[in-house]
Amino acid sequence: MDRAVGADDLVFECNDGIGRITFNRPQARNAFTFAMYERLAAICEEANSDHAIKVLVLRGAGDKAFAAGTDINQFREFKSPQDAIDYENRIDRVLTTLEQCRVPTIAAINGFCTGGGAGIAAACDLRIGTRSAQIGFPIARTLGNCLSMSNVGRLTALIGAARVKDLIFTARLVDATEAASVGLLGEIVEDLAALDRRADEVARLVASHAPLTLNATKQAVGRLQQRLTGDEGEDLILMCYTSQDFREGLDAFLNKRAPQWRGQ
């Protein structure tokens, strides 16, 4: 069952047409609960209908992370194969809602941006990062799960198939310079203070431009990126999430030890 979003878990405010979304669990590197995912989707839906909102800026609280993926404790509730399917369907739905949001979205990235957090950043229109940004999908060395077809498609459209395989196979985090070179970042700034300033500058610039032009461009790019539906990859999700390896990865992560993979 979803934990209710605490008053400070995900903060949203809007001033002068700029909606600011802050992932506010710095003690957990802003890892997402299921309820936080739902709140993010609800804000995007609000932006679709509220034309006072011109742009959304997404950032993580504190100085350590943008978002370190899904809170691992959420996976402890999995009891059946359907839980895995439901989880990936939820992520697909939320990230698609973010990607297709009427207004431009800007990810302001500092520190760790991993797993689901990197998925959120990839679904945004623009990404600005500090030199301390570290981006990646280290699932091959942590939990042994997988990305959905939709998320693989989104990431492949952004950085290309070869780089997707490189990132996931090596399970490494790329620094800001490499992230910019492959398309994961559009701009690098020196530090957190500069990130806040630059994200605000870009947000104000974008908010001043013709909304229909921006919306048409988002929709046009989206139509060019045809993707397989989530159910076409359910066999892959089940292969990973129902495996002994996934349970081993989860236990190893929670107990701070190296997992012993068996390929089963």
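Which residue forms a salt bridge with Asp200? Arg204 does, with the closest N and O atoms 2.8 Å apart, and a legend below returns to this pair.

This is a predicted model, in which local features need pLDDT of at least 70 and side-chain atom pairs count only at pLDDT 80 or more, while totals for chains, interfaces and linings use all residues. Residues are numbered from 1 along each chain as its sequence is written, and side-chain values use heavy atoms, with hydrogens and water left out.

**Figure 1. The whole protein, with ten helices and ten strands.** Helices (H or I, at least four residues) and strands (E, at least two) are DSSP runs, numbered from the N terminus. The radius of gyration is 18 Å, close to the 18 Å that the globule rule gives for 264 residues, so the protein is as compact as a globular protein of that length. That radius is taken over C-alpha atoms, and the rule is 2.2 Å times the number of residues to the power 0.38. Along the principal axes, the C-alpha atoms fill a box of roughly 55 × 40 × 35 Å. Of the 264 residues, 48% count as buried; buried means under 20% relative accessible area, exposed over 50%, and partly exposed in between (1.4 Å probe, protein chains only). The accessible surface comes to about 12500 Å², with 52% of it belonging to carbon and sulfur atoms. These areas come from the Shrake-Rupley method with a 1.4 Å probe, and for residues only the protein chains shown count as cover. Take the contacts between residues at least 6 apart in sequence: 72% of them join residues at least 24 apart. Contact here means heavy atoms within 4.5 Å.

**Figure 2. Helix H1 and what covers its buried residues.** H1 runs through residues 34–49, and at 1.5 Å a residue its 16 residues should span 22 Å; the end C-alpha atoms are 24 Å apart, which agrees. The expected span is 1.5 Å times one less than the number of residues. Look along H1 for its buried residues, which are Phe34, Ala35, Met36, Tyr37, Leu40, Ala41, Ile43, Cys44 and Ala47. Their cover includes strands E1 (10–15), E2 (18–23) and E3 (55–60), together with helices H2 (81–99) and H3 (116–123).

**Figure 3. The largest nonpolar core, with 62 residues.** A nonpolar core is a set of buried Ala, Val, Leu, Ile, Met, Phe, Trp, Tyr and Cys residues joined through side-chain atoms within 4.5 Å. Phe23, Leu56, Leu58, Phe66 and Ile120 have the most contacts inside this core. H1 gives the largest share of the core, eight residues. Another core, of 14 residues, lies apart from it and has Ile18, Val202, Val206 and Ala207 among its members. In soluble globular proteins, nonpolar side chains tend to be buried together.

**Figure 4. Asn30 and Ala171, two residues with positive phi.** Most residues other than glycine have a negative phi. Asn30 has a positive phi of about 60° and sits in the loop between E2 and H1. Asn30 is buried, with a relative accessible area of 0%. For Ala171, phi is near 55°, and the residue is found in the loop between helix H5 (161–170) and strand E9 (174–175). Ala171 also counts as buried, at 5% relative accessibility.

**Figure 5. Thr130 and its surroundings.** Thr130 belongs to strand E7 (residues 126–130) and counts as buried at 1% relative accessibility. Beyond its neighbours within four places in sequence, Thr130 has contacts that include Ile109, Asn110, Gly111 and Ala176. Ile188, Val189, Glu190, Asp191, Leu192 and Leu195 are also in contact with Thr130.

Figure 6. A salt bridge is a side-chain nitrogen of Lys or Arg within 4 Å of a carboxyl oxygen of Asp or Glu, and the whole structure has 15. Asp200 and Arg204 both lie in H7, four residues apart, about one turn of the helix. Asp200 is partly exposed at 22% relative accessible area, and Arg204 is partly exposed at 40%. Arg20 joins Asp200 and Arg204 in a network of salt bridges. Arg172 is partly exposed, with a relative accessible area of 27%, and Glu178 is partly exposed, with 27%.
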